[in-house]
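Look it over, then read the points grouped by topic below.

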Amino acid sequence: MSSKTEKKVQIYEDLDNVEKYMKDRVGLGTSFDLGVRKIKVMRKQVHLYYVNGLCDSVLIAELLEQLLFLNDTDRKSQASNIFDIVENQLVHQSVQPIEKMDELVDQVLSGLIAIVVEGYNHGLVVDVRSYPGRMPQEPDTEKVVRGSRDGFVENIIVNTAITRRRIRDERLRFEIMRVGERSKTDIAVGYIDGVADPDLIEIVKKEMQNIKADGLTMADKTIEEFLLKQGYNPYPLVRYTERADVAATHLLEGHVIIYVDTSPSVIITPATFFHHLQHAEEYRQAPMIGTFIRWVRFIGVIASIFFLPLWFLVVLEPSLLPERLAFIGPNETTNIPIVVQIFLADIGLEFLRIAAIHTPTPLSTAMGLIAAVLIGQIAIDVGLFVPEVILYVSVAAIGNFATPSYELGIANKIVRLGLLIVVAIFRTPGFIIGITIYLLFLIRTRTLNVPYLWPFIPFYPKAFAQILVRRTVPGNRIRPSHLHPQDRFKQP
């Protein structure tokens with residue numbers, strides 16, 4: 001029998017056939033964590049299927065107690081309707097009927113319990129899920145001085161709950177679906193009905209439903225690659241966040257948020273280049289302070305891309321520098337070309353970053369001291385690097401670390417290395433042509449039909465002013481136009 005035919009099988013009235021199906025298809029009796037509890041209620045066999053570790057055993061015990069209590073009551077007159085009696089006896093807020101065996105299997109493997117009654121070709125599922133996981137805590141990558149300390153975790157139920165806690169609008173929607181032929185991962189598409197663009201919602205849902213893959217072991221990253229098909233474009237086309245307040249803010253603007261079970265971050269769509277430069281700290285401080293922080297961050301991002309190639313250009317062509325700035329060039333001679341030194345230092349910093357990730361926390365501080373004091377200084381003393389290379393590579397690296405989005409920082413680093421190569425080959429024309437190609441590439445990039453550089457290109461003065469200056473909340477009344485919101489005004 002083909003899999004398509006098996007998926008349409010009605011729940012068997014004979015519970016022995018149900019048990020055989022679970023043994024053949026799911027591994028009941030082979031997998032230690034899959035179990036069945038058999039009881040007799042009013043002279044009828046009742047089976048309860050579950051997965052250990054995904055269910056709350058206390059709730060299951062209470063439900064079984066309620067069902068067994070039926071044997072102590074006189075219900076002979078209602079014995080012809082045992083299924084309804086069992087359903088009515090399940091004292092739980094989430095009880096749903098099912099009719100197909102594949103539904104039963106999917107729900108049991110998702111952490112629900114399935115109850116089938118002898119003589120009936122339908123069953124019941126009760127949501128007693130209790131997924132293992134950690135409590136909400138502040139994300140390491142999005143820390144703020146002031147603000148909430150809760151963040152998303154690996155449990156999709158918790159993530160949607162802490163979002164709804166912030167937006168108690170009856171029009172907030174979380175449409176859930178399962179993706180992955182084998183993993184059957186739960187995905188929720190979140191949006192505010194009446195605010196988000198219906199076309200955007202439909203595009204996202206359609207792309208989710210069209211995903212054909214064995215599983216989503218990499219969770220939201222796999223979803224991103226199916227959703228946007230970005231190929232080898234290094235720039236992130238969606239924004240990730242682990243902060244519930246950031247996700248709630250974007251929902252109110254008209255974005256669509258994708259929640260993926262097992263992932264502590266959510267996907268914000270669509271996201272432009274400037275979305276990746278925002279940080280919650282800007283909105284936790286006064287508007288003037290938030291604007292200052294934003295400008296400093298912009299300077300850091302620009303420095304991470306253009307500062308090192310520009311310095312290398314003036315090293316190759318000192319005539320471009322005024323005499324007053326001649327001191328910034330290398331003041332020592334070396335046998336190793338400057339461009340090689342820059343690449344060695346830049347890749348060396350990448351080695352240190354990767355090593356810091358894989359090094360246990362108690363040793364990471366010691367490793368940093370070794371890298372900073374010993375490797376850098378000794379490399380200069382032996383003549384491997386000139387001091388200026390270490391200085392300017394470090395400035396570019398700090399600019400990378402100042403970028404709020406990790407993905408954007410890595411993409412900017414790739415662009416920086418590319419600009420260094422064209423400057424080394426073509427010098428001034430290479431620098432100009434490289435920047436031009438880089439900007440044209442960003443201009444041509446689109447994310448879910450939204451220009452990547454909006455509102456800079458195409459230019460929208462009012463929207464771009466809000467990029468440069470953090471406006472006060474009372475003064476920010478209109479939602480971003482690139483989202484095509486149904487309700488343009490945040491405030492009456």
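Angles under 35 degrees count as roughly parallel, over 145 as roughly antiparallel, 65 to 115 as roughly perpendicular, and the rest as oblique. This is a predicted model: local features need pLDDT of at least 70, side-chain atom pairs count only at pLDDT 80 or more, and totals for chains, interfaces and linings use all residues. Residues are numbered from 1 along each chain as its sequence is written, and side-chain values use heavy atoms, with hydrogens and water left out.

**Two crossing helices**

- Helices (H or I, at least four residues) and strands (E, at least two) are DSSP runs, numbered from the N terminus.
- The axes of helix H11 (residues 287-316) and helix H16 (residues 461-468) come within 9 Å and cross at roughly 90°. Axes are lines fitted to C-alpha atoms, for helices over the stretch in contact, and angles run from 0 to 180 degrees between N-to-C directions.
- H11 and H16 are therefore roughly perpendicular to each other.
- On the H11 side, Thr291, Arg294, Trp295 and Phe298 meet Gln466, Ile467 and Leu468 of H16. Contact means heavy atoms within 4.5 Å.
- The residues of this contact split into four nonpolar, two polar and one charged. Ala, Val, Leu, Ile, Met, Phe, Trp, Tyr, Cys and Pro count as nonpolar, Asp, Glu, Lys and Arg as charged, and the others, Gly among them, as polar.

**The cavity**

- A cavity is a set of points on a 1 Å grid over the protein atoms alone where a 1.4 Å probe fits but cannot get out; lining residues have an atom within 4 Å of a point.
- The whole structure holds one cavity of 30 Å³ or more.
- The largest cavity has about 40 Å³ of space. Grid points are joined across faces, edges and corners, and a volume is the space filled by probe spheres set on the points.
- Its lining consists of Phe274, Leu277, Gln278, Glu282, Arg294, Phe298 and Ile467.
- Four of these lining residues are nonpolar, one is polar and two are charged.

**Strands**

- Two strands pair if DSSP finds at least two bridges between them.
- Strand E1 (residues 34-41) and strand E2 (residues 44-51) pair in the antiparallel sense over eight bridges.
- E1 and E2 form a hairpin with two residues between them, and Met42 in the turn has a positive phi of about 50°.
- An open sheet of five strands runs E6-E7-E9-E10-E8, with antiparallel pairing.
- Strands E6 (172-179) and E8 (239-241) stand at the edges, each with a single partner strand, so one side of each lacks a neighbour in the sheet.

Terms used
1 Å grid on protein atoms, 1.4 Å probe; cavity = no way out; pocket = protein on both sides within 12 Å on 5 of 7 lines; lining within 4 Å.
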